[in-house]
Amino acid sequence: MLARAYGVTLLGLEAQLVEVEVDVGPGLPGFTLVGLPDTSVQEARERVRAALRNSGLDFPARRITVNLAPADLRKEGPGLDLAMAVALLAATEQVPASTLAEYLLVGELSLEGNLRPVAGVLVVAGTVKEQGWGRTLIVPRANAAEGALVGEEVRVLGADTLAEVAAFLRGELQLPGGEAPPGEALPGSSPGPDLSEVVGQRLAKRALEIAAAGHHNLLLIGPPGTGKTMLARRLPGLLPPMTREECLAVSKIYSVAGMLPPDRPLITDRPFRSPHHTASPVSIIGGGRTLRPGEVTLATHGVLFLDELPEFPREVIEALRQPLEDRRVTISRAAGSVVYPADFLLAGAANPCPCGRLGSPGQRCRCTERELRRYRSRLSGPLMDRLDLIVEVPPVDLHELRRGDNEGPTSAEVRERVAAARSLQLRRLAPLGLTSNAQMEARHLRRFCPLTARAQALLHQAYRRLGLSLRGHDRLLKVARTIADLDGSEVIREGHLAEAIQYRNWSWESRTESL
């Protein structure tokens, strides 16, 4: 007898519908699985066999053929276990086959017959809603709340065992529906380290405020122990709370990556990712055998902090250029091609030289000229051109440290100013589908970045003296636009542009010559 059930496989941040056909016929007992399955799907044969027997259900001693359609789509992951088991039960008349078209079955089976949670249920539920498949989603109970986050448009039922699913399909049992967290608990952000805890570094704190207000990339350069990491870790706390759409987008990424906390199906805190400098290109950009999202995607709508930036492999640093420009990353492999979002704020930290003593009072740099050149060359010109703010973080004076000179603003105060600047940007850019100044393209600058006559003259002078590229010119204007927004000004004035220029007027050579 032939029966059909429906499951899904994930391709990036989308779910692809899979029709599971099971034919049980005469012949020598066997279990054949076709339809381009990967290793984890092929191993489902043994999981399904043991799960049926240990659930008190019949596993036929006949020839079983399972086809996963479409045949040209590679099927990955254990999420098709439940669909295959239910289709086999229908083919052997243990559950009615007439109603299976109404359900989408997702779940991994244990040998005992229990349903284990799987990655990507939030993406599956979102695809069901977007594509209008109109099917009830049956998932492991641990995934039910995650699937319910997309809203009441998608009916999500949770089950603990294969036997419960079989009883439900026979009309003998009702499965509980998934319940999303209450709406008022979704927005917000947990408190993090406060900016006022950082002693001194007023210029760097100001740069963090500008970076948060306009979503600008930032590089902090200074000797070890001057507070670069402390400053970077406080950057997420300066960003405005995520909207519900951003929360869902981040949660989908972590769901696909299998990193969604089981007790917290919706992520409401902005991500802060800080990979070690020994990380591989695949772990940063994404990819691998199963095309998993990398750190640039996991940091979407949050901060990607790369400490000791020049120590990262050259191929990793250069691979950041495309995500920084396009805010997405395309991963192409022989197994397929996927596009992941990469809308992150980059915060980098670097020492002024390999030994870290260059520019430190009372300490002598021991690096040779050759070592200095090699160290500086690791951050290429094209990458530095994509950094909006380059800030020196000098050592804190001992008297300043003893006084505890942290009278600067708190994170809450800065976040309030950042939120006000972001609201100005939203009103200005929302009709274009943009949310921050950093997202503006060259064609938007003439319209949204008006300059006074004196600011225009200063821009021409800076363009010649600093040798700015066209990209550098545009990024300078975007930063000036953000500074003007923080000041509540519709026009970019000379002071706004002058402050933006000082964040791009840093070079290794000028720093060395000033010693």
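A residue is called buried when its relative accessible area is under 20%, exposed when that area is over 50%, and partly exposed in between (1.4 Å probe, protein chains only). Helices (H or I, at least four residues) and strands (E, at least two) are DSSP runs, numbered from the N terminus. The model is predicted, so local features need pLDDT of at least 70 and side-chain atom pairs count only at pLDDT 80 or more, while totals for chains, interfaces and linings use all residues. Residues are numbered from 1 along each chain as its sequence is written, and side-chain values use heavy atoms, with hydrogens and water left out.

Within H21 (residues 494-502), the buried residues are His496, Leu497, Glu499, Ala500 and Ile501. These buried residues pack (contact means heavy atoms within 4.5 Å) against helix H7 (202-214), helix H19 (453-465) and helix H20 (470-486).

Leaving aside residues up to four places away in sequence, Leu231 touches Leu195, Val198, Gln201, Ala204, Lys205, Leu208, Leu220 and Val393.

Leu162 leads on to helix H6. Because 6 of the 8 residues of H6 (residues 162-169) are buried, this helix is largely enclosed by the rest of the structure. The buried ones are Leu162, Val165, Ala166, Ala167, Phe168 and Leu169. After H6 comes Gly171, with a positive phi near 80°.

Strands come next. An open sheet is formed by 3 strands in the order S5-S8-S9, with parallel pairing; two strands pair if DSSP finds at least two bridges between them. Strand S5 (103-105) and strand S9 (156-159) are the edges, each pairing on one side only. Strand S8 (residues 136-140) is joined to S9 by 4 bridges, and Pro140 has Ala159 in S9 as its bridge partner.

Finally, what about the cysteines? A disulfide is a pair of cysteine sulfur atoms within 2.5 Å, and the count by this rule is 0. The sulfur of Cys353 lies 3.5 Å from its closest cysteine sulfur, in Cys355, so the two are too far apart for a bond. Cys353 is buried, with a relative accessible area of 0%, whereas Cys355 is partly exposed at 31%.
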